[in-house]
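Q: Please show me how to read the features of a structure that is new to me, one feature at a time.

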Amino acid sequence: MKRKRIALIAAGVIIVGVVTGYTLLDKSLGNNVQIESVIPGQATTAGNGESTTNTGAPAGAAVTADQLNGDWTVTDASKVYWSVTTSKETVNFVDNKVQGTWKVNIEDSTSMVGEGSVDMSALDSGNGQRDEHVKGEDFLAVTEFPQSTFVVKSFSELPTEWTEGATVPVEMQGTLTVKGVEKDVSFQSQAAYSGGQLMLSGTTTVAFSDFGISNPHTVVLDTENNLEVRLELVLTK
């Protein structure tokens, strides 16, 4: 009888430990980063299906070619998001250490050039333990490959008439380099001019295997092979 009681107590301890461990793991795997669009009026998402709208000034006066054309530089207000979808939810990572340039010519899209880079050590999901794991040798190997880059090969033709605050479609085709591996991608984007700044919001979808990275699934969660890369850039002359 005593032995049976001890066995029951031990089983109870194990069950409590498993439940507690699962609860802690479940909490650590949650999404903590909301994606914020830099373009007023564009939807934002927290990765859990809930959307909000970035409200701003309505479209206004016409924008001249002189205001748009020229060399633009990415500002500190810019961010790059990486979103991974699991069997439970979408987890967003944000990187706010972004650099880049865009030479704009609305009369001749073939003369436009652009490039950007992000410091992968600044990648943040709001969970330090998870971030260190993702930055480690098994995945991004940030110590060896501290930067990811995107170099634009071509831009779609831009409209010659812009309005303050209104969005225009922009497609950017180029090479995304992550972990030293190059991948040709296309960012489907929206651009807007407001208050002397250019804002660009664009997304593309890639796979872990494109960059020699294993799918980071666990015994608790499955992970989709694809992940979304989202640019939210603010540029100034």
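Q: Let us begin with a pair of strands. In S12, which residue is the bridge partner of Glu171?
A: Strands are DSSP runs of E with at least two residues, helices are runs of H or I with at least four, and these elements are numbered from the N terminus; two strands pair if DSSP finds at least two bridges between them. Here the bridge partner of Glu171 in S12 is Gln188, and S11 and S12 pair in the antiparallel sense over twelve bridges. Two residues lie between the strands of this hairpin, where Lys179 takes a positive phi near 55°.

Q: What kind of model is this, and how are the residues numbered?
A: This is a predicted model, in which local features need pLDDT of at least 70 and side-chain atom pairs count only at pLDDT 80 or more, whereas totals for chains, interfaces and linings use all residues. Residues are numbered from 1 along each chain as its sequence is written, and side-chain values use heavy atoms, with hydrogens and water left out.

Q: Over which residues does the pLDDT stay under 50?
A: The predictor's confidence in each residue is given as pLDDT, from 0 to 100. The mean over the protein chain is 84, and 78% of the residues reach 70 or more. One stretch where pLDDT stays under 50 is residues 4-28, for which the model has five contacts (heavy atoms within 4.5 Å) beyond four places in sequence. Over residues 43-57 the pLDDT is also below 50, and that stretch has 37 contacts in the model beyond near neighbours in sequence.

Q: How many helices and strands does the protein chain have?
A: The chain has three helices and 14 strands. As for contacts with a separation of 6 or more, 61% of them come from residues 24 or more positions apart.

Q: Which strand does S9 join by six bridges?
A: S9 is joined by six bridges to strand S11 (residues 167-178), and these two run antiparallel; within S11, Thr175 is the bridge partner of Val151. Elsewhere, four bridges join S4 to strand S7 (residues 98-104), again antiparallel, with Gly70 opposite Val104 in S7. S4 is also joined by two bridges to strand S14 (residues 223-236), in antiparallel fashion, and there Thr73 stands opposite Thr236.

Q: How many aromatic pairs does a search of the whole structure find?
A: Rings of Phe, Tyr and Trp (its six-membered ring) pair if their centres lie within 6.5 Å, and the pair is stacked with planes under 30 degrees apart, edge-to-face over 60 and tilted for the rest. The search of the whole structure finds three such pairs. One of them is formed by Trp72 and Tyr193, edge-to-face at 6.4 Å centre to centre with 85° between the planes. This pair links distant parts of the chain, since Trp72 is in strand S4 (residues 70-74) and Tyr193 in strand S12 (residues 181-194), 121 residues apart. Both Trp72 and Tyr193 are buried, a word used for under 20% relative accessible area, with exposed over 50% and partly exposed in between (1.4 Å probe, protein chains only). Phe150 and Phe187 form another edge-to-face pair, at 4.8 Å centre to centre and with 70° between the planes. Because Phe150 lies in strand S9 (residues 147-155) and Phe187 in strand S12, this pair ties together parts that are 37 residues apart in sequence.

Q: Why do Phe150 and Phe187 count as buried?
A: Phe150 counts as buried because its relative accessible area is 8%, and Phe187 because its value is 0%.

Q: Is Ser186 buried or partly exposed?
A: Ser186, found in strand S12, is partly exposed, because its relative accessible area is 22%. A polar contact is a pair of N or O atoms within 3.5 Å; within protein, one must be able to donate a hydrogen and the other to accept it, and residues adjacent in sequence count only if both atoms are side-chain atoms. The side chain of Ser186 has such a contact of 2.8 Å with that of Glu171, and another of 3.2 Å with that of Gln188. Leaving aside residues up to four places away in sequence, Ser186 touches Glu171, Met172, Gln173, Thr203 and Thr204.

Q: Which residues of the largest nonpolar core touch the most other members?
A: A nonpolar core is a set of buried Ala, Val, Leu, Ile, Met, Phe, Trp, Tyr and Cys residues joined through side-chain atoms within 4.5 Å. The largest has 46 residues, and those touching the most other members are Trp82, Trp102, Leu140, Trp162, Met172, Leu176 and Leu198. Apart from it lies another core, of five residues, including Val38, Ile39, Ala192 and Met199.
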